[in-house]
Structure formats: C-alpha cells, structure tokens
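Have your viewer ready and your selection tool at hand. Here is a short walk through the model, one stop at a time.

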Amino acid sequence: AWPHGSPFGPLPKRRPLPQPPERQIVVGICAMTKKSKSKPMTQILERLCKFEFITVVIMGEDVILNEPVENWPPCDCLISFHSKGFPLDKAVAYAKLRSPFLINDLDMQYFIQDRREVYRILQEEGIDLPRYAVLNRDPDKPEECNLVEGEDHVEVNGAVFPKPFVEKPVSAEDHNVYIYYPTSAGGGSQRLFRKIGSRSSVYSPESNVRKTGSYIYEEFMPTDGTDVKVYTVGPDYAHAEARKSPALDGKVERDSEGKEIRYPVMLTAIEKLVARKVCVAFKQTVCGFDLLRANGHSFVCDVNGFSFVKNSMKYYDDCAKLLGNIIMREMAPQLQIPWSIPTEAEDIPIVPTTSGTMMELRCVIAVIRHGDRTPKQKMKMEVKHPRFFALFEKYEGYKTGKLKLKKPEQLQEVLDIARLLVLEEGAPACSPEGEDQQKSKLEQLKTVLEMYGHFSGINRKVQLTYLPHGRPKASSEEEDPSPSLLLVLKWGGELTPAGRVQAEELGRAFRCMYPGGQGDYAGFPGCGLLRLHSTYRHDLKIYASDEGRVQMTAAAFAKGLLALEGELTPILVQMVKSANMNGLLDSDSDSLSSCQHRVKARLREIMQKDAAFSQEDYQKLAPTGSVSLTKSMDIIQNPVEICDRVFELIESLTAQIQKRMEDPKFADLQLYHSETLELMLQRWKKLEQDFRLKNRRYDISKIPDIYDCVKYDVQHNTVLPLEGTAELLRLSKALADVIIPQEYGISEQEKLEIGIGFCLPLIRKIQLDLQRTHEDESVNKLHPLYSRGVLSPGRHVRTRLYFTSESHVHSLLSIFRYGGLLDESKDPQWKRAMDYLSAISELNYMTQIVVMLYEDNNKDPSSEERFHVELHFSPGVKGCEGDGSAPAGSGFRPASAEKEVKRPDLGGSQEDVAKGVDDETDRVHHLASASPEPSAFLLRRSPLIRNRKTGSMEVLSESSSKAAGYRLFSYSRHSSEVKQSGLGFEGCSLVPSIYPLETLHNSLSLRQVNNFLTALLRSCNAGQQQGTPAGMMAGVCVCVQDVGVRAAMPPQEPMESLSPFPAAHFDTLAEKQVPSSGGNGGGGGDGSLPQHVLPSLPLRMPPSEKPPWCEWRAKCAFVGQWKVGREGVPRRARRRGLSLVGGAEAIQLGICGFSPTAAGPTL
C-alpha cells in the first residue's frame, strides 16, 4: 500500500459480469377463492415458493368467472380443479390455448363428477369396490330402470341387495347418501349429507327407497365405525387418515379448535398399490379417495379428485416438496433451468422406548350379559295342520329338523295360518291337543303376532321342531305315532329403556380400564380408550348372539364406550357382529343335553317334597357348599309350602289387576314400556295357569319366570300399587336363587359338563384372542411419523366383547370355578375369590366376566413373567331389595401383599395417580420412577420438531422425549363401606345401579391360562373321539357337539381363524411334560391344574422352556423367502405337508399366519 495514495491514481471499480435473466416457472392456481385461499392451499403454496425457480400466480375468482380465457394470466404449469360453481369448460379451453403442464388432468374431472363413471374406471383398473348396481331413471334406457322393493331388500335390474344397503345419487356433487337398515335391526335409514356444523348424518324412520332420480345401490360394508381417507401426491405418495364414519351417529368429532378429529394411519402394501392405481387411472396427481376396511379387505367407495389433508404440517411439507420436484422434473429441462432432484434418506419413524419397567395393556376380553328386559314369555303347542308342514318345508326345516322364524315375512305367514285356523270350524283337528286348549293357544298365537301392529324381527320369534312320532303323551292310549311339529312361540324379553341406559353407562365406565387419554379427549372421562380407538391402535370387535335384547345391549354399550350419539340401529349394524352362525354365543335352550335332563329331574324331585329340608337335602342340593344357596334354602325351609304361598300371592295379584281394569280411574293408565293392564293381566294369568299343574303339583321351571315378572313390576310399575308384591319378590327370589344356578349343574362335575356344553366355541375363541395378541402385523397401524402426541404408535390394545344371555355367563363362570384353573388350598387370593363367588346369589343383568392381558416389555420373551393375566367379575345390576345383597369383594386390581414387598411404590390415591398421568397412553404399571415433564406442556408440544433444512424445504424428524410412567388402579378396597360408595372402577366412573368389577385374580401367567384352556379343550376332544361315557373322564363330563376350531370362529373375522399358535404345537410341547410313570408326579404340586380333575393332562411348562409363540414366531421369520412352486404352494411347504392360503402375493407381502387343519398345518 502506498502511504500517500497510489502513484497511478485511483483504481477503477470492478464491474459485475453480466448475468442472464432468471427464467421462472410460473405455476398458475385456477380454482374458486374458497379453495385457492384455504389454509392447506396457503400453507403448501408458501412452501412451494421456496423453490428457487418457481413463482406462484393465483387467478382471482372474478377473472375465472367473468374474463375470457385469452385474458387469463399465462402459466407454465396449471393446478386447476373443479368445485361447486367452477367453470370447468373454461379451464379446459384455457389448457388447450396455453398447453401448460397439468398437475391434475381436466377432462378426467368430468368423469369424477359422475359416480357411475368413477365405478366403471375403478372396475376396469381391477380395484376392489363394493358390489353395486346402477338404477338409471332414463326414458331412453328403460332396461336400466327395473326396481323391485321388498321389506328387507331391493332388486335392481336383477341384482338383489338385502338390507343394509347404500343408496347413492349418481351425481358426485349430491352428498345425500342414504343407508337403509333391516327390520331385524329396527329398520329406518341413516341420511348422510355434507357436514353442517357438527352433524354429517341423521337417522330417519323412513325405510322405503327414493322414487325419483338415478342412484347407485351397493352392498353395505361393516367397517367398525371408521372411514379411511387417502390423499395422494403423485403415484408414489399416499397419506391416510382415519375418522369416525358419518354413518355411525352423524356427530362430527371436533377438537378444541373446532376441526374434525382425524388420525393418520399406515396403509398396507395392497392399499398403497390401490392408491397408485387410483392416482394414475384418474390422471390426478393430487387426489383424495375413500377406503372402507371391512372383513379383512379394503374397498374404494368414492374418488373425490383434488383434495388436501387438513392440519398436518408434515403433510404440507411433503406435499410442497413433492409438487415442487414434479414440476421441476418436468419443466426444468424444457426451460434450460439447471436443476437436479435432491436425494435424501427416508425419515426413519422413531418410536420412543419406555422409561422404567412398565406393563402395557394388550388385550381385554369381556363376556357380558344383556341389560334389563321385559319379562320373557313362551307358549308351546303341537301342530299337525298341512299348512304348518308346508311352511316347515318351504324354509328347509327338514334339513336339520328345526326351524327358527324371525323375519317379518315369515312371521306374517305364521299369522296368516293362525288367523285361518281360528276362523275354520274344524280348527281343533289340526292338533291332537284338547279342543278348548288348542283354540286358546291359537288365539294366543294370533294375539301375540298381532301385537305392536308391525313386525320388527326383534320382539318375537317362532320355532318349529319336527317330531317324527308326535309328542310323547301321558298314557299309551293317547299315543298317536303320526309325525307332528312342536311350535314354540317366544315373545317379550325386549331390552327396556332402563336396560339401554345401563348398557350405555357401563360402556362409558368401561373406558376407565384403559390407561391414559389426554390431548383432544381430555374433557372426557376414561378417554384413553377413545384416543386408542380413534388412532386405530384399538383393535375392537363386538359380538352378540342373535337375540334382539342382546344385540341392542351390545349397541348401547358401544355407544357409551366410544362416546357415540343418536339411534342404536346404525351402531348395531356397523359395530356389532352377529355370532349366531357357529354357536359362539347362542344356545338352543329347547334341546337339552342328557346331563341337563338328569339335573332338572333331580331338582324337581327335591323341590316337590312337602317337608322341611333335611341335612341330606342340603347335601343333595348344595354339594358345593355355596353360601348363597344354603341361605336361600334356609329361607325356603319347606319348598311346597313356599310354592303354595307363591301361588296364593299370584292369585291375589291377578285379582287386583282385574279389579284395576274395571275401575274407571285406571282406564287410561299407561304402564312401563307401553304395557297395558290387559297385557299385564295376560302374563300373570298365564303364570297362574302354568305354575300349578292339574295334579296340584308345581312346575318349578316357572319359578324363574315368576321372579322375572315380579322383579319387573316392583322395579318399573310402581304407579300401580299392588299388595303382596314385596313378599312375592322375597319368596320367588329365594326359590329362583336355588333353581336358576342349579339348572346349570348341581355337583361340580355337572356344572363343568354343562358349562363346557354351552361355552366350548367361546372358550376356543377366548384362547385364540389371548394368543393372537402377540401377532399384530395384520392390525391397522397408526403412522408413527405423523402421530402428534402419541408416543407409542406401534402398540395395540385388542378388545373383544361378547354379549350373550344368562346361560353363557353361568356356564363360563362354572368353567373358571370348577375347571381347575387354580388350587384354592394353595392360593389365598383364589380362595377369597371363590368365597366371594359362593356368596353371590344372582348373576343379574349386565353381569361381566373380564380377562385382561398385560405385557412387560422388559422381561425376556421366554419368561413366564412376560405376560400377565387378570380375571375380574361383576354380578351386574343391583337388585330391587337393596344394595347390600351382594357381598364385598377384594376390590378392582388390588395389590397383593407379596407384590407390595417387591414394589413398595405401587400404592397411592386416585389423586396421586392423576398427578403422574402424561400423554403416554399405553403404560399401566409404574415400577421405576422417571423424571416427569409437565403434562400440560407435553400435550401442547408436537413430537415432530424442525431441526434441519434441505434445499429450500424443511424436513421434520421425531423428537426424543422421556415420558413419566404411572400405575393405574394400584390400591385395594378392604371394607364394604368403601364398596358401597358407588365408585365404579375405583373412583374412575360412576354407575350407581351396577356393582363395580371385583378382581378374582391378578397374578396369573398367560401360560397358566393357556394350559388351562388347552386342557379343557383336549379333554372334550378326547371324550368325543373315544366316545367316553359321561362322568368317566376323571371328573370331567363331556356331552357337546363336535365343533371344529374353524367352526368356532365367526365368519366376519377371517384373519382370526389363522391362529399363529397351532394347537398341535401346544400339544407337542405339553406332551413332553407328561410323566412317563403315570403317577402323581410331574408337577402335581404346581397348583395350576389340580391332579384330581385332569390327571392325564400337563400341568405347567417349566419356566426354563420358551413359550410356544417364541418358537413359532421364529418359524414364521423366513416365510417371505419361500419360493412359490406349482399351484402357488411353496416347494418347501409341499415337502413339509403345508398348504397355502392367500396365494403367492400373501407370502410376498408377509401377511401369512399358521393354522392347524385335519391334513396338517395351513399357511
């Protein structure tokens, strides 16, 4: 540097080199203002503008509607899509004029507006969609307008659609979609429409289809109450969200900001392929469509065209990045723009691990009795009229010898025959019974079928049984060997409004057994379940027997469980699966086993003695030493005297009702559930006639009906003050508390035999439910990368709810009590549980038997401590005679003394538990402390944080956070005073009318339970194969129908029939442990299966052995590597005697399971 400046003068300034002007790619947005200025569009366009060479131009609505296309601003790439009021014709003309690169093809958008074209294209592409038919009311095409409407179906151009079915307008712009329900579910229809406020559908009693306009009729797909909406951005990207189906109750779930609650879910490989096909077939880069997941398959039911996800920052980033790359890839070479596609590794979906030792709730199985009902009534008559035989033949009754008529048209035919025979002079000739008796029974048949003015398929049913030699008569002179039909008419037994409330409240309380539940559901009690269900981490299925009261109980329970609104019919159709195809929850009460006949005969003999009960009678009637039974016998003393008094009280009651009917003051009296005094008198008169026989003896089988009737009237008909009802209730209850439980067996062996006879398919299903919990690969998963505030998206809770009648509840409880699950002499908790059950006098409405399975992820998979099973029970609704009738149990999930020594920090009040709750929804047992973060902060913070930048786009990654664990329900109840406080599940819910759950045992291992169930099933199978006489199988009688493993599985749940734990494999492992000596050695002191019950069966696997599922999972690991040989069966599989289910594609996608068959295991 020169000290006094440069001698050469000032240096000239350097001029910048001339740069060529940057060529920008202009992306034009041509849509209505409501769409182009929406939040998702704004968010995506802001990110798109960060691309260096992209400029976005939004065309105003005024320009689009009023200016000619020549005046529209030019663009290189056009994003344009149709919505209400949009001039699609002008957009097509603009595209022809300027030839921009189209993100979404415009011509195809005409097809998207017509559902007929959408379905045609989907079919051509081989995409699964519901079975459908098109009704075109077009004068030029009369052959496409053939509609025949029946009561429970429609026939469209020859295709029959039984209800429930869906009726969609052919115009995609018309959102008035109707779903029609069958009369067996209550009839009516659900009317869907575009969301208005917080409603998206409404229930209507109208059952007839629309008579104007063209429609698509399609099969209704049961989806368990959720829809999946899929959003593509190009053929290789699809974002999926689950939301509550609008058809369920019509209430739109919204968060605190008023937005509809949706949860991102992961698509299966097949669904991703469907998304690609839809995107390519309709030429729509950005495209939304609806998926229905039903019966193990996915069906496309609607294609919406251009659609964006709402409220997902991750999606906005992905969408803008993908659109930018698509535009640059297409346009950069044409415009000589230097650009290369940035490559980066896929974001890895990181799921935080548990902190401390936790146990996760994995499975809840509940068997629940139906709610409060009207009194059941039954009438039997023998018929020989040719019309009845013709009806029996018409509905193929000769195939099985039995026929059940429930459908309205079937009941109408029976009513027509009854009306005809009542009018005929020779009506008595149609039956061998006496003339007067036959005439009165026909009149009663006609009257009952004419009740309510219509048939709904829920309130009444007729059963016909073929008797090849007629009904046995009292004397041989009366014998008539000609064939006849036994007609059994059943009515009443409907779920009452009180029963609906009970079921709904219990469903609401049931949520509280599921841990967690913050965030959007924080305002709800027990919202952990709701959160699980909405995020698709709750694998829920509800089964019910075919009785109307049971199905409606299940629907009401589901309504409370999932916080639904509105009518029960839509919930019943979508959420409740009927299990009547395979005897899972149904039983034929009219065909008793030989054991039941013997039991009933002994009961009749003991209860007909006109003398005080002797010590011998106590031994005969209560050999199990049941406390409740002996108390009732103490009240009865002399059964005949009590029956005499009961009969007198019934006579008094009918006289009082008769007098009320003659009193003008009671002329307009309306009894509970729309019953009239005349109907009330009819049911009591019938009991009066049937209870005392002609020989002055009593029919004790009518005792349960008498108790039902008086309990119903005391509870619901207090407006009619009748004298003697309190005494009648007390005496009939005492009699019923002896007869009802003892009808299911008097001795332990009989109780077990009858219990297995009722519950064999259900036992198989429960065992499968517990086993399949560990194989969740086929279950719909929550997408972890998009899951804000959900810290364990990979975990699932499996819930199976079985709603049934009293017989199954009694039977299942007998199996647990007397099947040898535990030895009460060696297990104090089980001894307390057995004492508690012994003191329970009645399994009332809403009785629950609950099995809960937990997993400790920190234990070795081969350890017996890995899986933990708990057994809970509630006797249901509290009786009319006061809340103190049920004994006090140990409380719900009490901590045993042994566990408190090991884990001193388990105790705590409900408030302490609440303080420790955070957003980790699946954690239940807290065994080690962790540093908790403030829960309020956790709720607000997204686990997706911005931490790096790639090019002009920000990329998100999972945050890592440690969550505080907690233990739910960690305290015990020691006094009846606490029990009577009405706190449901330990203060988490309030169902004052129902007894809270009591824990029978809370430290069972899964291996114990599985061995117990396997032993029961093997004993049954052995008895069937060998033809062992009843009572000879080491104390286990077997008289059950031969029901295979697959027959026990409901047809609606095909995936569950492929058990990943073959029974044969359990048997192989178990056989290794059978002592060769055949003596009492070999683990007899284990306590899990007492030796005196099943001596030939294994007791428990040694803790050192790996559980079967570990070995089996290892065997499944190489399935994807198998090569497929001829006929789609893997070569290696053929060599090993395996057969293939699902074809090569199933193997390639890794969605296989193993199941035993007669010929060998099935893949």
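**Stop one: the nonpolar cores**

Select Leu-770 first: beyond its neighbours within four places in sequence, Leu-770 is in contact with Cys-363, Ile-365, Val-851, Leu-853, Leu-1006, Val-1009 and Leu-1013, where contact means heavy atoms within 4.5 Å. Before going on, note that this is a predicted model, in which local features need pLDDT of at least 70 and side-chain atom pairs count only at pLDDT 80 or more, while totals for chains, interfaces and linings use all residues. Residues are numbered from 1 along each chain as its sequence is written, and side-chain values use heavy atoms, with hydrogens and water left out.

Trp-684 and Leu-770 touch the most other members of the largest nonpolar core, which has 97 residues. Helix H23 (residues 748-772) gives this core its largest share, 10 residues. A nonpolar core here is a set of buried Ala, Val, Leu, Ile, Met, Phe, Trp, Tyr and Cys residues joined through side-chain atoms within 4.5 Å. Buried means under 20% relative accessible area, exposed over 50%, and partly exposed in between (1.4 Å probe, protein chains only). Helices (H or I, at least four residues) and strands (E, at least two) are DSSP runs, numbered from the N terminus.

For a second, separate core of 53 residues, pick Val-177, Leu-540, Val-797 and Met-852, which are among its members.

**Stop two: a covered helix**

Next, colour helix H15 (residues 568-575). How many of its residues are buried? The count is 8 of 8, and Gln-574 and Thr-569 are among them. To see what covers these buried residues, show elements including strand E11 (189-196), helix H12 (497-510) and helix H14 (548-561).

**Stop three: salt bridges**

The structure holds 39 salt bridges, each a side-chain nitrogen of Lys or Arg within 4 Å of a carboxyl oxygen of Asp or Glu. Start with Asp-290 and Lys-229, whose side chains meet at 2.7 Å, N to O. Asp-290 sits in strand E17 (residues 286-294) and Lys-229 in strand E14 (residues 226-233), so the pair ties together parts that are 61 residues apart in sequence. Asp-290 counts as buried because its relative accessibility is 12%; Lys-229, at 11%, also counts as buried.

Then go to helix H19 (residues 639-662), where Arg-645 and Glu-648 lie 3 residues apart, about one turn of the helix. Their side chains form a salt bridge at 3.1 Å, N to O. Arg-645 is partly exposed at 31% relative accessibility, and Glu-648 is partly exposed at 42%.

Finish by selecting Lys-711, Lys-733, Asp-737 and Glu-842, which are linked in a network of salt bridges.
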